[in-house]
Each structure stands twice: as C-alpha cells, then as structure tokens.
Amino acid sequence: MSLLRTTAGDDPSRKPAVCIGQLPCQRVTVSPGSRVFEVEHMFLSDSTLSAMVMRERDQAFCISRDWFFAQLVGPLGHGRSLYARHTIGHLPRPDTLLLPASVSPIQAAQEVQTRPPESRYHDIVVRHSADDYGTLAVADLFAEVAHTHAHLGLHDPLTGLPNRRLFLERLRGAHDRARRDANNVFGVLFVDLDDFKPINDVLGHETGDVALITVARRLQRFERDHVTAARFGGDEFGVLVDHAGDADVILELADQIARSLNRPMLLSGERMKLGASIGVALSDGQSSPENLLRNADLAMYAAKRDNKGGYAIFENEMHARASKRLQLRSQLETALERDQFEVFFQPLVALDTLQPVGMEALVRWRLPALGIVTPEQFIPLCEQTGMIVPLGTWVLETACSQVAEWRRAHSTALTLSVNISPRQLLNPGLTQEVTAALASSNLPPDALVLEVTENIFIDDSSPITERMRSIRDLGVRVALDDFGTGFSSLGYLSRLPLDMLKLDRSFVSQLSQPSQRALFRGLIELAHALDLTAVAEGIETLEQLEILRAAGCERGQGYLFSRPLDRDQIQAWLLQKLSQPPLDAAA
C-alpha cells in the first residue's frame, strides 16, 4: 500500500512534527525471498511508492525505487528476464539510514547531511516499533524542517503560541479591516503574570516553564475564529479580539481570562496562585497597531496598581503617568547617593494594653521638585532595576541604628520590623548584611523582625527558605507579611521558619461581617496552634480593635494608632505614649 504525502506548504498554521514518527511514512515491507519481478510490479503499479522496507532477521534495508531499477539494468551481468526471476535477496544490500520514530526531524536531517552530496539518501527507514517499519522520503523530511524553521519564526518555542511578530501581523490585519469597516470593533489585551518571578527564582526555570505552559493552555481555551492568544516573552502574553461587534464582548473576555488565570495551578506538588493583571486597549480608528499594543501595556500597569488580578481599560491620562514613571526611573539611579531616601516608622501596639511594642520601618523618597514619592510608585522600579538590594541594605542599617537608639534612650524593649524583598532574599550575602547591621547598631538579634511575603516561601526546601533559617539561627525573628493574599499553602506553613503571622488588612477591613469575623478567628487560632504571634494590619476603627482583642489577636498596627511618621514625628509620638499608663486589658 502507499500513503499520500503532505508537505509543509499545505497548512502554514500546522504545528511542526515533534518526531519523524509523526510524518507520513510508506509502510510497504518485503522479505529477501520476494521475487524481483514482484517488487518491480509493485513499483510500476504505484507511481507514488518511492521506497519499501526489506526485513532480514533483525535488520531492515531501504529498497528505494531509484536504487532498485539501477540494479535491474544488470550490473551482475544477467539477462533481464533471467534476473527478474531471482529473489531480491540476491541483490547487494543497499546502504540504509535507519532511525527510531522518536528522532526529531531536525536531528534526522542532520544525519542525512553527514553523507557526501553524491551519495545522500533519497529515503530513510523509520522504526516505529519492533515489528513496524516504514520509509520516509528525504524530500518530505527537509520540507518538514523548513516548515519547522518557518513556524519557529512566528511562534513561541515553549508554549507553541504565536509570538509577538505574528501577533502584530494579525493586529495589523484587524486594524486594516477596521479602517475599511467602521463597525469592526477589535481590542488588544496585554496580560502580565503577577507572581511569576518568585516561582522562577525559587523553584527554578523548569517549574517556571510549567507555569507558563499552563497559562498558555488556559488562554488557548478562549481562542475562537477571531481570538488570537500569543506569548510576547517572559511572563507577558497578548490576546487579540477581532470582529467583537461590541466593546462589552472584549471586556467580558478580559474578565473571564483574569478569573481563569487567578485560579491556583499545581506546581512542584503544591497548589499555587499566580494571578494576572490585564490591560485593555480598544480600537479607536486612529491609533496605529503598535500604539494600541503600547496602550494595552500601559493599562496593564494601571491594573497592577489599582486592580491587581483584574483588568484596566486604557485612558489617555496613562501616557502622562508612563512619562512620569520614566522620569522617576532616571532619577532613581542617583537617589541613594544624593541622600533622598528617608525611613518612616509605623508603630505596632500590644492590643491588650495599647502600648507600643515595636516599629515597622518604611522607606520614603523625597524629591526636591515632587515632594514625597510613595513606595507604590518607586518600589516596583527598584525591583526592576535591582536597586532594591542596596536600598534594602541602607534601610536595614538605618532603621537598626535608630531603634537601638530609642531602646537605650527610653529603656524600652521596642522591636524593629523590616520588609525584605524577594530580590534581597536571593542575595547570598544577606545573612552577613543582617549580622553587620546588628553589630554596628548594638541591636539585640531578637529585637529584629524580618517581614517577608508568603509567595517567597514557595518551597520549604528552597534556597530562600534555607537562607531564612540561617538568619533565624542568629536569633532574628521572621514574620509572614500580608498573609492570605498569596499562595496560602497551609500544608507547609508549619514547616517554615516563622515567628509571626501578619494578617492582611483586607481581612481586617471586613470584620463588620459575621462571616469574616469567623474566618479571622480561625486564622488567629491557626497562628496560635503553630505557636506564632498574630499581628493584624490596617486597624482603623474602635470596632475592629474590640473584635480583634476578643479574638485573641496579640498585636496590631494601623491608622487608629498612627500613620507612618518620619523620625522626629515618631519620636514625639513615642514619648507621649510611653508617658501614659498601660490600658487595663480587663477594662
């Protein structure tokens, strides 16, 4: 029998074959006892048959059409009619390239090309299994390799999604159609994962690749005739929605994608939530395809800032914010050496006595022309540029020195809490930096609390976790910050090097709801069961304070007690509070 061949040009969108076993092979097998005239008849009766396999014990030889008819002219000196009655076993064994079906087309083509041009194979033998062989035309193999290279030029090799180049081609097509038809509404979604970097940094690139592939598969579920999902690189994806008919269709799709990507996924045996923020740019009849993509990118940053895990629609004001961000980035490079950063402090109080028991250090950037720049504006830039490491070291040293001074001046056992970023935790010298800051300030190790977010502790055996254990061995305590907003894998929470659980302000803000009060009590009980101190963030009302005290929460911070204040302001606040008698918890 013979199989019709296909070439790479038949379907440009077809995914390349992973192995030569996926390519169309001709499965015609003969034995050494087959008569020459029988084989000749098979070739003459099927013009598409280019080769067949001769099986001889555990060997397989390629009987190609060209080779066979070259033998029929009688190189052995026999007359043709006499020769035709011989078996093909009398023919010399042809030089054969035999490859397993699992070999990739590119590898197979390289094997073929090792032969000199005058003796290269026209067909190769493919072994599918111990009893299943076929022949593959080299011309088809090279056509598949060409298709693979063309496909890789337009697709992401990891996920198989279209790449930025192909996405822009399709975006330009949608833009041209919209210019001809004003009713053709289309939009661009710029998708950026929210918590991908800790996955990649802590669990490694292989697990990061699994996460990216999982995201790609979820995006592909939304693909239809006029919906294209693409990967731009890193953790950035795009979705083109053409022929939407109405902008609401595009926004509904953005919402569905956000909810899909915010569902946990299984990585390294743990259910983890990455989440994604999405920027949406709608066709306006004026913006170029490149500008639409840029606008969607700007909207994505707005979503990260204002609606993390959701989507934001592009507005013209976002250009001004982007320009400001670029300006801040350029000024950030010299801000530390120009002494423009300042450490603010927010008190932590014991909820039973309302006495200050600690200070959390918070960095602020004071620019001569702009005044105070909030952390939300510059901390992401510091993370991107790597400046977070020297800045974090400076904050640690400055805050340790200041709190040690207050402890000596007021004879108080104030603790100091300092936030540590994922980038700092990847620094192998962090333990030495903490040791040096404690030594230079004479702050006792148990007075220092390092706060980390829960998405850092992806794996209880990761290098970051081991580094935190080595810091904790110094006597320094560790607090899990913003608990409930990240991965929240309770399965390994008890195995992590922790001393405190800081419950996120999003829980505290909803304590007026009975269901939330029950949930919060459960979290405090969990902290106590794990021998952790419970700390509530974002306390703003007396009602919240009373509920927290009744639930057994030991410590808290928030605007009810004090906003973050600079050194002089917090000094005055501290003097006032320390002069007041402790509140009677039973009162």
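This is a predicted model: local features need pLDDT of at least 70, side-chain atom pairs count only at pLDDT 80 or more; totals for chains, interfaces and linings use all residues.
Residues are numbered from 1 along each chain as its sequence is written, and side-chain values use heavy atoms, with hydrogens and water left out.

**The whole protein**

Along its principal axes, the C-alpha trace spans about 120 × 60 × 50 Å. Of the 587 residues, 50% count as buried, where buried means under 20% relative accessible area, exposed over 50%, and partly exposed in between (1.4 Å probe, protein chains only). Among the contacts with a separation of 6 or more, 67% come from residues 24 or more positions apart, contact meaning heavy atoms within 4.5 Å.

**Helices α1 and α2**

Next select residues 36-45 (α1) and 65-72 (α2), whose axes come within 11 Å and cross at roughly 135 degrees. Axes here are lines fitted to C-alpha atoms, for helices over the stretch in contact, and angles run from 0 to 180 degrees between N-to-C directions. The two helices are therefore oblique to each other, given that angles under 35 degrees count as roughly parallel, over 145 as roughly antiparallel, 65 to 115 as roughly perpendicular and the rest as oblique. With side chains shown, V36, V39, E40, F43 and L44 of α1 can be seen to meet R65, F68, F69 and L72 of α2. By class, this contact has 7 nonpolar, no polar and 2 charged residues; Ala, Val, Leu, Ile, Met, Phe, Trp, Tyr, Cys and Pro count as nonpolar, Asp, Glu, Lys and Arg as charged, and the others, Gly among them, as polar.

**Helices α7 and α8**

Move on to residues 196-203 (α7) and 205-220 (α8), whose axes come within 6 Å and cross at roughly 145 degrees. Here F196, I199, N200 and L203 in α7 touch H205, T207, G208, A211 and L212 in α8, and the residues of this contact divide into 5 nonpolar, 4 polar and no charged.

Select V241 in strand β9 (residues 236-241), which counts as buried at 3% relative accessibility. Leaving aside residues up to four places away in sequence, V241 touches V185, F186, G187, H226, V227, I250 and L253. Then go to Q340, in the loop between α11 (317-332) and β14 (341-350), which counts as buried at 13% relative accessibility.

**Two positive phi angles**

Finish with L354, in the loop between β14 and β15 (356-367), which has a positive phi of about 60 degrees although it is not a glycine and is partly exposed, with a relative accessible area of 29%. S411, in the loop between α13 (388-410) and β17 (415-419), has a positive phi near 50 degrees and counts as exposed at 70% relative accessibility.

Terms used: Helices (H or I, at least four residues) and strands (E, at least two) are DSSP runs, numbered from the N terminus.
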